[in-house]
Amino acid sequence: MSADILTVTDLKKYFVIGQSGLLKREPITVKAVDGVSFAVREGETFGLVGESGSGKSTVAYTVVGMYRPTAGTITFRGQNPFANKTRPLALKKEIQIVYQDPGSSLNPRRSIKEIIELPLRIHRPDENRIEQVVRLLEMVELPPDYMYKYPRMLGGGEKQMVAIARALATNPSFVILDEPTSALDVSIQGKIINLLIRLQKEFHLSYLFITHDLSLMRNVASRVAIMYLGKICEVAETAEFFRNPYHPYTQMLLSSIPVVSEEEEKLKPQKIISTGEIPSPVNIPSGCSFHLRCPARMDICSRVDPVMIEVEKGHTVRCHLYARASESIPPSEQ
Amino acid sequence: MTVPPLVEIKNLHVHFSVYGGQLKVLDGVNFVMRSGEKVGLVGETGCGKTTTMKAILRVLPMPPARIPQGEIYFKGRDILKMSEGELAQIRGRGISMIFQDPTAALNPVFSIGEQLEAVIRYSSDQKKPLSPQEVHQRAIASLQEVALADPERLLRSYPIQLSGGMRQRVCIGMALATGPELLIADEPGTSLDVTIQDQILRLLRKLVEEKNTSIILITHTLGIVREMTDRVYVMYAGNMVEVAATKELFASPQHPYTRGLMDAVPRLTGGGVSDGIPGRIPNYLNPPPGCRFHPRCPQAIEICRREKPPTYKLSEAHEVACFLYADNGKGTQSS
């Protein structure tokens with residue numbers, strides 16, 4: 001087993017969005033991320049799945065340094081990226097990000113060459129930039145003459161390839177992929193995904209892959225974590241995760257996916273159907289935040305927030321159903 | 001005599017005038033559905049799904065849109081030749097539409113009640129107007145139908161006070177309040193989270209089955225079509241490239257585009273992702289001659305570059321517009 005490249009421990013990120021109470025002294029906070037812990041291993045693709053408002057992008061933005069955590073620690077190869085007020089350049093270079101919508105993450109007034117050049121200018125000032133731009137474009141399977149084009153001249157898939165080239169320009173070891181294909185059509189998605197997988201092998205990259213698409217996750221991630229309202233509710237190896245989903249929310253999520261074949265239909269939990277609304281992150285329910293929608297809720301769920309329990313080796317769940325020590329209870333025997 | 005189909009579109013062309021020329025978006029669309037059917041329309045962004053449906057309702061902005069050729073029949077009557085008055089009737093009680101983004105579909109400055117009651121008033125028989133109480137009662141009934149709790153309070157609230165899922169329920173309630181014969185649902189769950197989408201689709205299916213409403217479901221997600229419809233049209237770049245019963249289409253897709261699309265869907269069973277279809281959707285200002293899919297088609301042959309493929313019938317309900325099936329004979333059998 002390879003070592004951890006990134007460790008996130010009890011990460012919290014709260015946003016103050018207003019004041020309330022007498023004399024407006026009490027801040028209203030959104031607990032976007034509320035005590036998240038996970039570790040990404042060297043060379044793996046760690047999948048972070050959740051619906052909108054679950055805090056998955058906040059985790060990403062905090063890791064990359066756009067936000068400072070409210071509490072908790074992040075360790076990247078033994079270093080704390082938040083030790084100083086500003087992050088050292090050498091560390092910035094290691095962690096890069098690809099955003100969801102290449103239409104808005106690329107500056108429309110810059111040529112592709114200028115877009116890819118910017119990180120080179122900052123991080124690798126001594127090299128021949130044109131050569132590097134050509135090399136990066138080749139890496140993402142785009143012809144070199146694309147450097148003279150502007151984003152509007154490219155299709156969505158090609159734009160995303162440029163965004164990937166820009167992220168790789170600094171020669172990073174860790175890349176955050178924040179829904180890299182959800183703005184693209186399915187016929188184009190495959191090419192981007194396979195390109196990312198190839199680049200990962202070639203450059204020994206570690207990925208934090210964020211998506212809401214579990215079917216896609218099944219095919220790219222080595223391990224999967226499910227987030228719901230700022231907390232992780234289940235983490236497991238991908239194959240194990242889809243074979244044996246424990247958390248009621250995970251089961252609900254899986255049962256909601258529209259699939260295209262009978263074989264997939266069989267993998268979906270049948271007994272559970274989606275009910276209820278996703279609560280607002282400003283007003284998170286007490287106890288387990290999922291209890292209002294949970295078909296298996298018990299008395300304790302509305303009062304006590306469950307803790308992470310290892311139900312099988314490498315498979316952890318945050319649910320009271322499995323609180324009876326760490327013996328394994330397959331979901332079918334509930 | 002035979003009953004005319006509920007909707008029939010014949011050789012529909014829609015062009016848009018833009019700076020730089022004519023966007024030739026729809027290029028001879030043919031479509032038929034009978035009353036009571038649940039028909040899916042799949043295709044990727046920009047393939048003309050929404051344009052086709054807007055043409056049925058005649059809500060395309062003209063200009064810039066223009067219909068140089070084609071006919072659209074609703075229960076045997078040509079929609080394109082109707083007067084505004086006749087059209088209003090069809091929009092009122094014949095056909096309803098649900099849009100992708102419920103936030104944009106609802107007016108933010110009117111309460112749910114004002115909007116819903118206006119729809120009910122407008123669509124009711126103009127000679128026997130409903131009393132305000134009746135309108136109110138019907139509004140409440142239509143919110144209850146879409147499983148929204150506390151309808152009295154909801155009628156007084158504004159769209160911004162509701163969640164995305166609730167807004168879409170309101171839109172569904174509004175669309176069905178008029179008792180339409182045909183419901184056009186344009187990506188009804190796409191802007192919602194997957195667990196909420198699942199709820200909305202299940203609700204829609206239940207209501208449509210209860211009321212025996214015909215539905216055209218537009219989506220780019222193949223899985224949704226599989227779960228919701230009886231028959232599917234696959235659209236690419238302004239053409240219907242394949243139509244088949246849903247089961248048959250998923251069991252044996254024939255058009256190279258349909259196959260590519262199916263292969264590109266990541267499976268829950270794993271096994272990696274296929275590379276998808278190379279290239280991208282053509283520029284409608286200057287679409288490729290012949291089959292519009294040929295530049296991306298792995299099986300393109302000489303004729304594809306020159307001629308537009310006709311539709312070949314593989315079986316009673318399975319038709320495909322591709323020269324690869326030219327030998328299968330027209331109107332004969334085998335699949």
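Student: How many residue pairs are in polar contact between chain B and chain A?
Tutor: The count is 29 residue pairs, both partners at pLDDT 80 or more. A polar contact here is a pair of N or O atoms within 3.5 Å; within protein, one must be able to donate a hydrogen and the other to accept it, and residues adjacent in sequence count only if both atoms are side-chain atoms. This is a predicted model, where local features need pLDDT of at least 70, side-chain atom pairs count only at pLDDT 80 or more, and totals for chains, interfaces and linings use all residues. Residues are numbered from 1 along each chain as its sequence is written, chains are lettered from A and ligands numbered from 1 in the order in which they are written, and side-chain values use heavy atoms, with hydrogens and water left out.

Student: Which helices of chain B supply at least two residues each to the side that touches chain A?
Tutor: Those are H7 (164–177), H8 (194–211), H9 (222–228) and H11 (256–264). Helices here are DSSP runs of H or I with at least four residues, strands are E runs of at least two, and both are numbered from the N terminus. H8(B) gives the most, with seven residues.

Student: And what is that side made of, by class?
Tutor: It divides into 13 nonpolar, 14 polar and 10 charged residues. Ala, Val, Leu, Ile, Met, Phe, Trp, Tyr, Cys and Pro count as nonpolar, Asp, Glu, Lys and Arg as charged, and the others, Gly among them, as polar.

Student: How much area do chain B and chain A bury between them?
Tutor: About 3,300 Å², with 52% of it on carbon and sulfur atoms. Buried area is the accessible area (1.4 Å probe) that two parts lose on being put together, summed over both. Thr195(B), Arg226(B) and Leu268(B) supply 22% of what chain B buries against chain A, more than any other three residues.

Student: How many salt bridges cross that interface?
Tutor: The rule, a side-chain nitrogen of Lys or Arg within 4 Å of a carboxyl oxygen of Asp or Glu, finds four between chain B and chain A. Arg280(B) pairs with Glu158(A), for instance, with the closest N and O atoms 3.4 Å apart. Over all chains the count comes to 35.

Student: Switching topic: what lines the largest cavity?
Tutor: Its lining includes His255(B), Cys291(B), Phe293(B), Cys304(B) and Leu324(B). By class, that lining has nine nonpolar, three polar and no charged residues. The volume is about 60 Å³. On a 1 Å grid over the protein atoms alone, a cavity is a set of points where a 1.4 Å probe fits but cannot get out, and lining residues have an atom within 4 Å of a point. Grid points are joined across faces, edges and corners, and a volume is the space filled by probe spheres set on the points.

Student: Last one: where are the cis peptide bonds around Pro63(B)?
Tutor: One joins Met62(B) and Pro63(B), with omega about -15 degrees. Another joins Pro63(B) and Pro64(B), with omega about 10 degrees. Pro63(B) lies in the loop between helix H1 (49–57) and strand E4 (65–74) of chain B, and Pro64(B) is in the loop between H1 and E4 too.

Notes. On a 1 Å grid over the protein atoms alone, a cavity is a set of points where a 1.4 Å probe fits but cannot get out, and a pocket is an open set with protein on both sides within 12 Å along at least five of seven lines; lining residues have an atom within 4 Å of a point.
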